[in-house]
Amino acid sequence: MSADEGLGSELADARERVTGDPRVGTAVDEFLDIYHLVVVGVAMVFVFWIRARNWGEYVVDGEVLYSGNDPWYHYRMAQYTVENFPNTMPYEVWTKFPTGTSVGQFGTLMDQVVALGALIVGLGSPDPETVRMVLLFAPAVFGTLLVVPVFLVARRLAGRTAGVLAVVTFAFAGTVTQGGSILIKGVVGTSDHHIAEALLAALAALAVIVALQVAHREKPVIELLDDRDVAGLRRPLGYGALAGAAIAIYMSMWPPAIYFVGLLGIYVTLQAIVSVARGDHPEPVLIVMAVTFAVTGLLTLGTFDVVDVTSTKISLIHVGLPVAGAVWSAGLLWLARVVDTRDLAATDAATAIEETMGVRVTDARASRIGYPLAVLGTLAGGALVAKLVVPGVFSYSVSQFIRVVGFAAGQGSSTIGEVQPLPSADVLFVAYGMAIIAAAGLVGWTLVWRAPSGQNRPERLFVAVWFVFSLSMTFTQGRFMYYLAVPTVTLAGVAGAEIIDTVRDVGEEASLSGYEVVSIAAVVVLLIGPLAVPPNVHSMTQGSNLGPGGGVQGWQSSLDYLNDETPIEGAFGTAENADELDYYGTYAAEADSDYDYPEGSFGVLSWWDYGHWITVLGERIPTANPFQEGANSAARFLLSSEEAEAESVMEELSDGENAETRYVAVDYKMALANSQYGGKFFAPPNFVDNKSQSDYRRFVQGVRQTDQGLRLVRDRNNRIISGSIQKPEYYHTMPVRLYRYHGSMREPAPVVVNWQQIGAGDGSPLNVNPYRSENESLIQWYPSMEAAQNAVRNDSTAQIGGIGAYPADRVPALEHYRLVNVSTRSAGQIGASQPGIYQLYQGGVDIGLNQFTFRTLFERNPAWTKIFERVPGATIQGEGPANSAVYATVEMDVPRENASSFRYTQRAETDAQGDFEMTVPYASTGTDEWGPDDGATNVSVRATGPYEISTTRPGFGGQPGTTVYNATADVSNAKVIGRDDDPVTVTLEPHDIPVETPENATDPSGNATGVENATA
């Protein structure tokens, strides 16, 4: 008797004995008939509450904001679907400039469901805020609905008790401490497709389980096809077809779900081998699974997207692999029949020998060895043929298999946080407690003992394979932990139910004894206890991120600026094609997947992380996006060490002469070398050949002398504090020249960084460490560049510059990029400039930080985001003293609270005749004469006066009696943006400037001179 069958009646009998009232037993019986529904209902309410309770944190100033990047693109797809219901966007021209793209993982079933929900809530005509709000709650709804397949899968495997245990475990599973947990993926605001994937994957698995159970029970065989026995085939083939439909729907929502077809192929192969080995025939399962595969391929053909081999869009592989699965199932069936025929012949021969000779012959079935060998041989031969005939498909399939379950990630993927490998197995226990151990134990029991002995049904072997596959996916990419949730909690529920059954079976009384009650309680406590105590409950009740995070809010004002103060797409310059680029229009690409952009279109270059924000909030077209499309071009631009190199990338990112990439958006993270504090500078080198992070920075770790010897400095969370010293190459990259210098030239300063290479005390080497002698510090100032150069000349553990904005050598000014906007949100003075170094100081390391160093090293109130316009630039021509350096400087005002102005300085050399020419990107006059209505930018960063052109760098002055040549000049905005091609001409006149050099004078960029360990 199972726990489900006996538990209710025995509890009723016990109640009647105690109370003497049979009606009490009847009432308990009636409740126990529906108790599982009550538990499921309560669990769903709890699951939704946990995920939705903090929804108000995502409404900022009356506007719904999402966490992360992809939810914003789902909003765009949902809004498009609302306006074109039920159609989704066939081709997207508002991202990946200058080609556009087909977005296979977006604009799918999930977005259609969200759009339908918005249409219902909005009574057929929802406004954008209604669509945003529905999408905000969508992950919580999907996460809540997951309770249903969790219960049904577990009940299918072991009854209602297993289902109830699985549901309760699921309700508490997955803390917010891990980004891939089933909880965090279902919290409001994290409106990505991940939780919808988990839901449809669970439904597909449920459909497969039902089909396998029907196949096991009704045992369809080939002869029924020969006899055209429709009644005998209707249910098995029908449920097999439903399973195929469920898988096809899953793949249509998320094309990488093609992995599920591979998982099913592995299961079918194992099931056939196991069935033959234990003397059963795999025919019923193989027939039903062949139908499942065939229907999957047939339905997927109807959603075919691209004639290519890719897992991110519905492609050839999405049709070909299911068809191959159907053929493989048929092949396995044929092989099984062949070996079965041979086994029968061998058995007949053995019987004849016994009857005629009286000698007993052991029944050694050839199938136990021959069938697995035949299967493996066929697989090997098929792989070899595929490698020879379709090598591209073969290599792609192998690489994707390894990428998903092979504990390896590509170089580009390594820059994506969610695809990082699982840090340790401990994370699984934090997320699932004893459930992960119970599930793993049951899988071992299923695979090692029950399956080979014939005591297992096919659906249990499938769930075991599902669990192992999901576990491998999780260790390969930590984000797949949300896939592991359903097989884990269902198997844990099954394990718990079987423990309860085992305890009941050893009981001697017919009633529910005390030790049985204790056993049931113990199972519940073991499964749920570790998940229902702090810090898990605290984490769960706090939600996930408590809001959209600083990223999108840091960008928001600059994105509004792009939307409001730059020309409409199609109307840049003198073009009048804005009507050709409807924001929610429907477009088709050419045969080579390349949209022909109209004149006046333009792109915005930034790192790929920010592409969706630029599309949705800025309503402009990014060149790169979170699909990692355009990432290589963006990386090459950002790592360009010469402006000409950067311009060559920009030329590639154009669609003809009048549809070019016109803007560059950078934030402090793109210029921040230290990834430990949120910097993104580490990422671009992964996308450029022959580049690595070590080309641009070296890590430093703080070390202190203690009674136990040298010890690394750690923060309050016991993490090793790691700062970074930038190498000279870092300061010549575009993020630094834009974000830190605003395109201005920059001279080195006499600041020296010292370190020492030491050991950790146990013989193991450390990275470079700021640990010097008692009278030395990490940062030291010198009175002149000559003194600084002398200090590092023979010291391999010291360098000039490399801290804050101080380069090791001259950084030339940019000619074609001007700052036009800064965000209203600040990045914080430490976070935006030199994180890690200040933390070392707080940790007790002497870094030479005094008030002067702090004032010059750390930026004050830096903007989160800065927008630059790419312009032709204005030409300044002039005459001055022969063979001399000439500097053109203009003071620029940043219209932002607590923001300081900056100076842009360009440098040129006069020739032997005294002639010079330079190009400058900033205007000193006329910026208010041009705006979006004129096809130009409404520049918010404006000059405070004319250009000062001189043979001496501003801020230095000459020594007494020195003759300085100078002049002033106005540069109009029309000249800068190319509406006026005439150059600005100047003649430098000599002047005597008998001014002493100030002790702490600074150049336009803030370089310090005449300072040696200064204090304020």
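Two strands pair if DSSP finds at least two bridges between them. That rule applies to strand β20 (residues 947-950) and strand β21 (residues 963-969), which run antiparallel and are joined by four bridges. Y947 stands opposite A969 in β21. The model here is a predicted one.

β21 has another partner. Strand β23 (residues 989-992) pairs with β21, again through four bridges and in the antiparallel sense. Here V964 has H991 of β23 as its bridge partner. As background, side chains in a regular strand alternate between the two faces of the sheet.

Step back to the whole protein. It has 31 helices and 23 strands. Of its 1016 residues, 55% are buried. Take the contacts between residues at least 6 apart in sequence: 77% of them join residues at least 24 apart. The protein exposes about 41,200 Å², and carbon and sulfur atoms supply 55% of that area.

Now look at helix α7, residues 160-172. Its 13 residues reach 19 Å from first C-alpha to last, close to the 18 Å expected at 1.5 Å a residue. Buried means under 20% relative accessible area. In α7, 12 of the 13 residues are buried, so the helix is largely enclosed by the rest of the structure. Among them are R160, L165, F170 and F172. After the helix comes G174, whose phi is positive, near 85 degrees.

Charged pairs come next. The structure holds 17 salt bridges. One of them joins R76 and E92, with the closest N and O atoms 2.6 Å apart. R76 lies in helix α3 (residues 70-83) and E92 in the loop between α3 and α4 (109-121), so the pair ties together parts 16 residues apart in sequence. Both R76 and E92 are buried.

E747 and R810 form another salt bridge, their closest N and O atoms being 2.9 Å apart. This pair links distant parts of the chain, 63 residues apart. E747 sits in the loop between α26 (734-740) and β10 (751-754), and R810 in the loop between β12 (798-800) and β13 (817-822). E747 counts as buried because its relative accessibility is 9%. R810 has a relative accessible area of 37%, so it is partly exposed.

D980 forms a salt bridge with K975, where the closest N and O atoms are 3.1 Å apart. D980 is partly exposed, at 26% relative accessible area. K975 counts as buried, at 14%. Elsewhere, salt bridges that share partners join E647, E651, E660, R662 and R870 into one network.

Conventions: Residues are numbered from 1 along each chain as its sequence is written. This is a predicted model: local features need pLDDT of at least 70, side-chain atom pairs count only at pLDDT 80 or more; totals for chains, interfaces and linings use all residues. Side-chain values use heavy atoms; hydrogens and water are left out. Helices (H or I, at least four residues) and strands (E, at least two) are DSSP runs, numbered from the N terminus. The expected span of a helix is 1.5 Å times one less than its number of residues. Buried means under 20% relative accessible area, exposed over 50%, partly exposed in between (1.4 Å probe, protein chains only). Contact means heavy atoms within 4.5 Å. Accessible areas come from the Shrake-Rupley method with a 1.4 Å probe; for residues, only the protein chains shown count as cover. A salt bridge is a side-chain nitrogen of Lys or Arg within 4 Å of a carboxyl oxygen of Asp or Glu.
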